[in-house]
Amino acid sequence: MGRRTTTTGRIIRTGFLYFVRNAWLAVAAMATMIITLSIILFSIIVNATFANQVDQITNKIDISVYLKDTVTPAQAKSFVAKVERLSNVEQVTYLDKAAALRAFIKQNSGNDKLLAAVNETDNPLPATVKIKPKDLNKMDEIRSFVTKPEWQKLQSDPISDSGERRATIDKITHATNILQRAGIIAVAVFALISVLIIFNTIQMAIFNRRDELQIMRLLGASTGYIRAPFVVETVIYGVFSAIISILIINALFITASSSLQATSLGLLEISYSQQYFQERYWQLLLMQLTLGILIGAASSMIATQRYLKFKTPKK
Amino acid sequence: MILLDRVTKTYGKTLGSALDRVSLHVEPKEFVIVVGQSGAGKSTLLKLLTREERPSSGKIIVGGIDYDKLPDKDIPLLRRKIGVVFQDFKLLPNRTVFENVAFALEIVGVSTKEINNTVPRVLEIVNLKDKAKRMPVELSGGERQRVAIARAIVRQPKILIADEPTGNLDPKHAWDVITVLEKINRYGTTVLLTTHNQDIVNKLKRRVITIKNCRVVSDRANAQYNEKPPVVRSV
């Protein structure tokens, strides 16, 4: 075993020893780190859930243009081609009369009376052009294009769009924005608190071990050898905090799904959140571990730099 | 081995000088005693040698290392070449005798196998082989100081600096410690001992450097030393 490996092993062992000796102080440092990491994890899940809801609703929004029975397929084709060229158009679907009827029958498969009434007459449904926008905020561009007089004369009825869903989307977007901002502030505040508490923990640990550290220094221990166990100690805080924060969120989901018996809380789709969390369990754990280790290591590096005096006093 | 050239150390205007233009030269394998009353500057001299302090002016070269050219990051390397024994032992109270000595090797990355071979041999030199598993608190002052010596020499330094190692000991234990230092010197280590115990100085019959009022006032081989009691003026 090389000298470097031996030293690394000793540093890690000393780090664990410091962690055990410093257990009570470590609890305070870890508690704030757990809160910080839990908030980060919670924010990520809520954001993903909201984004998914917005996506789902957005996918259902389109503009339907109903064509007169007199419109020839060539005219319909040219209209479709023009619409497709608009910058905000994601997809255009043309349903001729027969296809429109099939879609209508499929859509109302449970409503026998309505279907019987439809069957009694000739196909009453017009050919339909369904336009799916790219950006919901720019739907007016499509609307103003299809209502131009040259195109309006081809239409049997006024266009219909599912724009009323906009209100829901706006609500969700608004909630997401507020939550994002609140999340960022909470994360910043708790991250700062946990860094300060780790600072304090390290400062007290250094104070408690000042004799040992002085002896190490006088015996010629390198700066890295003295500092590294403190970094190992806070990395252990990070690892424990990450695991505990994941377990807390997991426990919250178990409680929510079993005791509330609900799939959604207001705007928040719990079932999707849970699915998102479970599908990415290991990725999220890895992310939490990385964040915990980074917060721990960075604060102890700064704290040891600040509180362990390595420089010989000036002349 | 040790060279000081007109070394001065001052602690600001209020505290004044601790050393004033001190020059001395110690050859390899020498046993040198530095004497002087409390506050004469002996401890400052040793702190300068271990680079706990920097001189205000003058030059220090130890074991070929010029301190002016020594960056802070290399101070640990310097300290690994010098063994230091302190008056207050500076042992780790929660470690055994063996672990205290092993600690000096652990921090420089010596393997456990090598530690297990080396430490008992060194404990034998200081006559503490049978007390390897004891805690420092279970030892007498003299024994603790011998543990500190074992820790200082376990890395086989070329120079051993002993700062008042007998200061807290009764005469018998003090002499045990001095005997160990002589033994180490016979093995070829340069020893620099500070003391104000005139019995030890007179019995050792070695080179004696006397520091008084921050300056070297005498430097003689086989010298005698009479510490004068402090002058008390009546008002």
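Predicted model: local features only at pLDDT ≥ 70, side-chain atom pairs only at ≥ 80, totals over all residues.
Let's start with chain B as a whole. Chain B holds eight helices and 10 strands. Of its 235 residues, 44% are buried. If we take the contacts in chain B between residues at least 6 apart in sequence, 69% of them join residues at least 24 apart.

Now the sheets, and there is an open one of four strands in chain B, in the order E2-E1-E4-E5, paired antiparallel. Its edges are strand E2 (17–26) and strand E5 (65–66) of chain B; each has a single partner strand, so one side of each is left without a neighbour in the sheet. Have a look at one of those edges. Strand E4 (residues 57–62) of chain B runs antiparallel to E5(B), joined by two bridges. There you can find Ile61(B) opposite Asp66(B).

The other sheet I want to show you is also open, with six strands ordered E6-E7-E8-E3-E9-E10 in chain B, and its pairing is mixed. Strand E6 (82–85) and strand E10 (215–220) of chain B are the edge strands, each pairing on one side only. On average, neighbouring strands in this sheet are turned by 15° against each other, ignoring direction.

Which way does E3(B) run beside strand E8 (residues 190–195) of chain B, parallel or antiparallel? The two run parallel, joined by five bridges. Val32(B), for instance, has Leu192(B) in E8(B) as its bridge partner. E3(B) also pairs with E9(B), again in the parallel sense, over four bridges. Here Val35(B) is partnered by Thr210(B) in E9(B).

Helices come into this picture too. Helix H2 (residues 42–49) of chain B lies across E3, strand E7 (159–163), E8 and strand E9 (207–212) of chain B, and H2(B) runs at about 145° to E7(B). Helix H7 (residues 171–186) of chain B packs on the sheet as well, touching E3, E7 and E8 of chain B, with its direction at about 155° to that of E8(B).

Now for the hairpin I promised. E9(B) and E10(B) pair in the antiparallel sense over five bridges, and Lys212(B) stands opposite Arg215(B) in E10(B). Two residues lie between the strands of this hairpin, and Asn213(B) takes a positive phi near 50° there. Why point that out? Most residues other than glycine have a negative phi. Cys214(B), in the loop between E9 and E10 of chain B, also has a positive phi, of about 70°, although it is not a glycine.

Cys214(B) has 21 other C-beta atoms within 10 Å, so Cys214(B) is buried.

Next, a helix to remember: helix H6 (residues 141–153) of chain B. Its 13 residues should span 18 Å at 1.5 Å a residue, and the end C-alpha atoms are 19 Å apart, which agrees. How many of the residues of H6(B) are buried? The count is 12 of the 13, so H6(B) is largely enclosed by the rest of the structure. Among those buried residues are Arg144(B), Val147(B) and Ile149(B). The cover over them includes E6, H4, helix H5 (112–125), E7 and H7 of chain B.

For a contrast, turn to chain A and its helix H3 (residues 73–84). This helix has 12 residues and reaches 16 Å from its first C-alpha to its last, close to the 16 Å expected. H3(A) is hardly covered, though, with one buried residue among its 12.

A word on confidence in chain A: its mean pLDDT is 82, and 91% of its residues reach 70 or more.

Finally, how do the chains meet? Chain B gives 22 residues to the contact and chain A gives 21. On the side of chain B, helix H3 (75–81) and helix H4 (97–106) are the elements that give two or more residues. H3(B) supplies the largest share, four residues. By type, the residues on that side of chain B are eight nonpolar, four polar and 10 charged.

Definitions and conventions
Residues numbered from 1 in each chain as written. Chains lettered and ligands numbered in written order. Buried ≥ 20, exposed ≤ 12 C-beta atoms within 10 Å, placed from the backbone. Contact = placed C-beta atoms within 7 Å. Nonpolar A, V, L, I, M, F, W, Y, C, P; charged D, E, K, R; others polar. pLDDT = per-residue confidence, 0-100. Expected span 1.5 Å × (residues − 1). Pairing = 2+ DSSP bridges. Axes fitted to C-alpha atoms, helices over the stretch in contact; angles between N-to-C directions.
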